[in-house]
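Visitor: Could you walk me through this structure step by step?

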Amino acid sequence: MTLQIRGLTKRFDGIIAVKDLDLDLISGKITALIGPNGAGKTTLFNLITGFLSPTQGQILWDGREITSKPPYAISRKGISRTFQEVKLFRSLSVMDNLLIAKRRGRHEGLWDALFHRKKIAKTVKDDRLGLIPRLTVLGLAEKMDGPAEELSYGQSKLIEITRALATKPDMLLLDEPVAGLNPLMIETIKTLLKQYIAEMQKTLFIIEHNMPFVFNFADWVVVMDHGEKIAEGPPEAIRNDSRVIEAYLG
Amino acid sequence: MGYLLNILIISGIFGILSVSLNVLCGFSGILSLAHAAFFGIGAYTLGLLTTKLGIPYWTAFMAGGVFAAFFGILIGLPTLRLKGDYLLIATLGFGEIYTNTMTNLDNITEGTRGITGIPSPSLLGIRFDSDATFIILLFIACALCIASASFIKYSPFGKILFAISEDEDGVASLGRNTTRFKVTSIVFSAFWAGIAGSLYASYVGYINPNLFTINESILIFTMVLFGGLGSIPGSLIGAFILVALPEAMRFIGLPNTVAAVIRQMTYGLLLIVIMYFRPQGLLGTVKLR
């Protein structure tokens, strides 16, 4: 499945955050989105995932238009995301955070809550058992029943990515997944994402300022500045592009 | 003894109100000052259907809950897109509209004169017309309300409500239509407020618009905050204390006019004290943001 962006523009009261942007995301590849602060990267993510509506232009997913659909509808079509500021449900347990993602809407009605409790208790138990190995690999098994707010910053980022992956997306958008993390945690996240990519032509789209991470991890790099796409290409080409060096890499 | 039973019954009715409001405020994080309006809709539905249209009691009783729930959808759909303070103001507006409508639609509601002669319930030949019998009925209603609220609290449905109160965008990004969940929680909450209204109207036998004003909404809200957002036992304790405390003050021997003012002040004072020493409420775990 491919994501195609055609002539996308977003204007906020006079400021043009994204300007006439065309972009194709290749499935099965890791695409990185780089550029200086205020270049419109997060705005582009918000447009794709429905948190903002574009002023002009189209977004096509698998050939179908998803422009301006609500965020929940876009997520259900297989496009998942994480946020720059971690959005875990802090008072819920780590396990509950993941269970919500894994359930993908099953047994979540009021009627189910009141009258199908036995049946639901069983599926919750099964889902739980399915998630324990994943948490064990991440070294978070002993924290799984504690509230998510007890996690460290790095662990929260890890769980947020795991949670997004648990929705079984076809495409995952990550907004600065390794910002402020130690090298060990970065390696853990890389491994997690590589496993995901290895399955069935999944697509990864990452905003990141950590250049060593970008150039060593991404297959394709897109550069934005002042709302416009100024370059795209394989990492080696981008590293030597004079416009990119001038605008961002310095 | 009769006096104590009376206090228990009023506490029970307010217990249903505070537990159901807690599902909305404590679980979903939707602060509402419209709860007395749903309470009143239930009371008026039962009162009008039984006295004016001669509808059988139990049909009218359930209609109280259903009608309040229906208004929950009506209010929920347009207002639940608002957040925080704006939503609070919108619910406040609804409460005011409700009170004014009941007061001024007097060819139907009898205005400030109120509705008299509301019948007591009877079932299988037992009439629940005394305090001692009515409390049995109330106990059953309370038990059902508490059970359904606790089932929700620990269900997948309830987890989504708690998640929405924490971070609505996060829930949407996981593919959930958050508006649907919020409307469902207001429907549940309004239904039980309506049932509490049905119970209240048939217990007292007389209702008027002044019983279901913004003051009562604030009182129920105080019970929830006092007991703790998200805590069901907390809401029950909050309801009992805030019903019983003013009654206890009667025995100090203050004149009635002074007592009414002091009562209002006590609510305020109680809220300040609890917010200062225990911002999450007596038994709560969720802090008000």
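**Where two chains meet**

Guide: Let's start with one pair: the side chains of Lys87(A) and Asp167(B) form a salt bridge at 3.5 Å, N to O. A salt bridge here is a side-chain nitrogen of Lys or Arg within 4 Å of a carboxyl oxygen of Asp or Glu. This is a predicted model, where local features need pLDDT of at least 70 and side-chain atom pairs pLDDT 80 or more, while totals for chains, interfaces and linings use all residues. Residues are numbered from 1 along each chain as its sequence is written, chains are lettered from A and ligands numbered from 1 in the order written, and side-chain values use heavy atoms, without hydrogens and water.

Visitor: How many salt bridges does the rule find across the interface of chain A and chain B?

Guide: Lys87(A) and Asp167(B) meet in a salt bridge. Across the whole interface of chain A and chain B, the rule's count is three.

Visitor: How much area do chain A and chain B bury between them?

Guide: Buried area is the accessible area (1.4 Å probe) that two parts lose on being put together, summed over both. Carbon and sulfur atoms carry 66% of it, and the total is about 2,400 Å².

Visitor: Which residues in chain A lose the most area to chain B?

Guide: Three residues together make up 24% of what that side buries. They are Phe89(A), Glu108(A) and Leu110(A).

Visitor: How many residues does the contact take from each chain?

Guide: Contact means heavy atoms within 4.5 Å. By that rule, chain B gives 24 residues and chain A gives 31.
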